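Me: I'd like to talk through a model I have open here. Could you take my questions one at a time?

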Amino acid sequence: MIMKLDKDYDVRCNLGTIRDIENIFGKPFFTLASQLDKLTTLEQIKLLYTGVKRADSTIREEEFVDACENNMGIGDLSEYIEQFLLQLQYPGLSKEEVQQKIEKKLRQAENLKVSIGAN
């Protein structure tokens with residue numbers, strides 16, 4: 001994933017990043033993801049920084065926070081967070097491919113619910 005700010009920032013989206021997030025925030029990934037509305041703006045930026053740091057350890061947190069604060073609005077931050085969380089779950093897939101996977105999982109869950117209800 002690439003974030004376009006004052007320059008392009010590569011954001012690593014893999015299990016290692018998820019492990020880093022869990023260590024930094026002290027919560028399981030899915031707990032944190034379900035509580036995004038409780039994170040401050042700075043905490044959301046730090047969430048993204050976790051992926052940036054995994055991709056390039058030379059980028060300092062202060063540098064990235066400044067770039068975000070000077071080049072994004074809250075809508076941009078929300079979009080990057082959404083994209084980041086989806087890419088952490090399905091690395092390397094396009095938005096359309098992620099959407100197809102999610103729709104397939106929803107259909108499977110619905111089918112399972114129907115078949116369990118039929119028994």
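Me: Is Thr17 buried or exposed?
Reply: Thr17 counts as buried, because its relative accessibility in this predicted model is 0%, which falls under the 20% cut-off.

Me: Where is Thr17 found?
Reply: Thr17 belongs to helix α1.

Me: And which residues does Thr17 touch, not counting those up to four places away in sequence?
Reply: With those sequence neighbours set aside, Thr17 touches Arg12, Thr50, Gly51, Arg54, Phe84 and Leu88.

Me: OK, on to the helices. What angle do α1 and α3 pack at, and how far apart are the axes?
Reply: The angle between α1 and α3 is about 140°, and their axes lie 9 Å apart.

Me: Which hand does the crossing of α1 and α3 have, left or right?
Reply: The crossing of α1 and α3 is right-handed.

Me: Which residues make the contact?
Reply: On the α1 side the contact is made by Gly16, Thr17, Arg19, Asp20, Ile21, Ile24 and Phe25, while α3 brings Glu43, Lys46, Leu47, Thr50, Gly51 and Arg54.

Me: Changing topic: which residues touch the most other members of the largest nonpolar core?
Reply: Those are Met3, Leu48, Phe64 and Phe84, in a core of 30 residues. The elements that give two or more residues to this core are α1 (15-25), α2 (29-34), α3 (41-55), α4 (61-71) and α5 (74-89), and α5 supplies the largest share, with six residues.

Me: What is Phe64 in contact with, leaving aside neighbours within four places in sequence?
Reply: Phe64 is in contact with Met3, Leu5, Tyr9, Ile45, Leu48, Tyr49, Val52 and Ile59. Of these, Met3 and Leu48 are also among the residues that touch the most other members of the core.

Me: Are Cys13 and Cys68 buried or exposed?
Reply: Cys13 is buried, with a relative accessible area of 9%, and Cys68 also counts as buried, at 2% relative accessibility.

Notes
Residues numbered from 1 in each chain as written. Predicted model: local features only at pLDDT ≥ 70, side-chain atom pairs only at ≥ 80, totals over all residues. Heavy atoms only, no water. Core = buried A, V, L, I, M, F, W, Y, C linked by side-chain atoms within 4.5 Å. Buried < 20%, exposed > 50% of the residue type's maximum accessible area, 1.4 Å probe, protein only. Helix = DSSP H or I, 4+ residues; strand = E, 2+ residues; numbered from the N terminus. Contact = heavy atoms within 4.5 Å. Axes fitted to C-alpha atoms, helices over the stretch in contact; angles between N-to-C directions. Left-handed = near helix turned anticlockwise from the far one by under 90°.
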